[in-house]
Amino acid sequence: MHSEHTAEIEKLVVGGQGLARIQYQDKFLVVFIPRTAPQEQVRFRITHVEKNHLQAEVVQVLRPSPSRREAPCDYFTNCGGCSWQHITETEQLKQKELILQDLFKKFIPDVAYELLPSVSSENSFHYRNRIQLKQLGTELGYFRRGSHEIVDINHCLIAEKEISDRIPELKQKLKPAKELRKFELRINHLNQFEHYPIGGDGEGLSFSQVNNKVNEKLVATALQLIVQKNPKSLSELYAGAGNFTFPLLQALPDLHIESAEMNPKLTAFATEKLKNLKLQKRLFAFTTDCESFVQRRQLSSEVVFLDPPRAGCSEQVIQKIIHSDARTILYISCHPVFLARDLHKIFAAKPDYRLTHTQIFDMFPQTDHFETLVMLSK
C-alpha cells in the first residue's frame, strides 16, 4: 500500500481504467489506474490491494499518450460523470473495440466473427437526452469520482444543450436538501424539458436510449437485419416502450410479436401507441418480468429479439432462449462482459449458431460504455 511505481499503460479496460503491470517478487501484478491513456508512461501510487489486482492513482504522467488531450470540461478532474474526456474520440472508439475483442477471445475463443465498423456518434458532446443529478444542501451535480461527495455544476457538456442550460435555473428553484436527493432531467417524447425527483411519478418512462442520433442508427440496423429474415413471428424480451417493436411491425406487415416488459408505465405507453397505430391484432405486450414470460409462453422458433439491462440475462431466460432453437437471435447489449458471458452459454449449448453480425454503437462518448448488436443465425 502507498508504494510508488512507474509503468506503461497497455490498454483501457471495462470500467474505463488503464491497465499496467508491475513485477513483485517472481510474478507480474495487474494494476488498474483511472484517468490514464494507452501507451503513456505514468508514475502511480497503490491505493487498494485486491485479490487479483491492484488499484492505483496517478502521481505524474511522465510520457503522455499520443491520444491524450486536455479535457474540455471544467469539472472533469473531480467529477465522476465521465471517464474518458482526456482521450480523443478516435482512441476512445478504438479502445471500445479492443475491449469487446478481448472479451470475445476470453469467452468464445473458437467462434469466428467479423467486427464491423463501429457506428460513432455525430455529437461527441451535448448528446444525452437525460441525466441524473444529486442534490445535498444547495449543491447539485454528480458524485465526485470514487466518493459520495457532490461536485456542484452549472452545466454538463454531455447533456443536450437544452438540459445543460437549465441546470442553473433548476438550482435556483430547488430548496436546500437536508438529505441526499436525486433528480432526473430530460427531454421527453414531446421534445420538452422536464425534471422530477427520482422515484417520482414521471420516472416510469425514463428508461430509453439516451443518444437519439445513435439510437436511430441502431434501430435502423436491427430493422434491416430482421427484415431480411422476413419472419412471421418474433418474441421480444425487455421490450421497453417499443423502441424496436413499432418499427418492426410497420416494416413487416405479416409479422406478429409477443413482447415482455416489466415496467407497467412503459407497457401502458406502448399499448396507447398500439391503439393509435391500429396494430392491436399483431402485438401482444405482456407486463411481466422476462423470467415469468419465458416460463409461460413459448418463444418464437423464427426470431428472438432481446435488449436486456446491464446485467444481461438471468440463467432462466438464457436457457429458455437456447431451448427455443430459434433460427435467429438478435441481442443488443449495453455491457460487453455480460454479453460475452451469455454468448458463451449459447454457443456451448448450440454450436450450430454462427455470429453473422457484430457491431458496436458508440451511444456514450466520453465514457467507457457502449452498445453492441450481435446476430446469431442457424
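Q: Why is the contact of Asp 102 with Lys 11 called a salt bridge?
A: In this predicted model, the closest N and O atoms of Asp 102 and Lys 11 are 2.9 Å apart. A salt bridge requires a side-chain nitrogen of Lys or Arg within 4 Å of a carboxyl oxygen of Asp or Glu, so the term applies. The pair links distant parts of the chain, with Asp 102 in helix α1 (residues 89–107) and Lys 11 in strand β2 (residues 11–12), 91 residues apart.

Q: What makes Asp 102 count as partly exposed?
A: The relative accessible area of Asp 102 is 34%. Buried means under 20% and exposed means over 50%, so a value in between is called partly exposed. Lys 11 has a relative accessible area of 25% and therefore receives the term partly exposed as well.

Q: How many salt bridges does a search of the whole structure find?
A: The search finds 24 salt bridges. Among them is a network that links Glu 4, Arg 43, Arg 45 and Glu 57.

Q: How do you know what separates Asp 165 from Lys 161 along helix α2?
A: Asp 165 and Lys 161 are four residues apart in helix α2 (residues 161–173), which means that about one helical turn separates them. Their closest N and O atoms are 3.1 Å apart, and the two residues form a salt bridge. Asp 165 has 46% relative accessibility and counts as partly exposed. Lys 161, with a relative accessible area of 47%, is also partly exposed.

Q: What makes the meeting of Arg 166 and Glu 162 a salt bridge?
A: The N to O distance between the side chains of Arg 166 and Glu 162 is 3.1 Å. The limit is 4 Å, so this pair qualifies. Both residues lie in helix α2, four residues apart, or about one turn of the helix. Arg 166 has 27% relative accessibility and Glu 162 has 37%.

Q: Why is strand β8 described as largely enclosed by the rest of the structure?
A: Four of the five residues of strand β8 (residues 139–143) are buried, so the strand is largely enclosed.

Q: Which strands pair with β8, and how do you know that they pair?
A: Strand β7 (residues 130–137) and β8 are joined in the antiparallel sense over three bridges. Strand β9 (residues 150–152) is also joined to β8 by three bridges, and these two strands run antiparallel. As examples of partners, Lys 134 is bridged to Gly 141 in β8, and Phe 143 stands opposite Ile 150 in β9.

Q: How many residues lie between the strands of each hairpin?
A: The hairpin of β7 and β8 has one residue between its strands. The hairpin of β8 and β9 has six residues between its strands, and Gly 146 in the turn has a positive phi of about 80°.

Q: Why is Gln 55 called buried?
A: Gln 55 has 18% relative accessibility, and buried means under 20%, so the term applies. Gln 55 is found in strand β6 (residues 54–63). Leaving aside neighbours within four places in sequence, the contacts of Gln 55 include Gln 17, Phe 32 and Arg 45.

Q: What is noted about phi at Tyr 238, and is this residue buried or exposed?
A: Tyr 238 has a positive phi of about 60° although it is not a glycine. Its relative accessibility is 17%, under the 20% limit, and therefore Tyr 238 is buried. Tyr 238 lies in the loop between β12 (233–237) and α4 (245–251).

Q: What makes Asp 325 partly exposed?
A: Asp 325 has a relative accessible area of 34%, which falls between 20% and 50%, so it is called partly exposed. Asp 325 also has a positive phi, of about 55°, although it is not a glycine. This residue lies in the loop between α7 (315–324) and β16 (328–333).

Q: How do the axes of α7 and α8 cross, and which residues meet there?
A: The axes of α7 and helix α8 (residues 336–349) come within 10 Å and cross at roughly 40°. The crossing is right-handed. Glu 315, Ile 318 and Ile 322 in α7 meet Asp 342, Lys 345, Ile 346 and Ala 349 in α8. By class, this contact has four nonpolar, no polar and three charged residues.

Conventions
Residues numbered from 1 in each chain as written. Predicted model: local features only at pLDDT ≥ 70, side-chain atom pairs only at ≥ 80, totals over all residues. Heavy atoms only, no water. Buried < 20%, exposed > 50% of the residue type's maximum accessible area, 1.4 Å probe, protein only. Axes fitted to C-alpha atoms, helices over the stretch in contact; angles between N-to-C directions. Left-handed = near helix turned anticlockwise from the far one by under 90°. Contact = heavy atoms within 4.5 Å. Nonpolar A, V, L, I, M, F, W, Y, C, P; charged D, E, K, R; others polar. Pairing = 2+ DSSP bridges.
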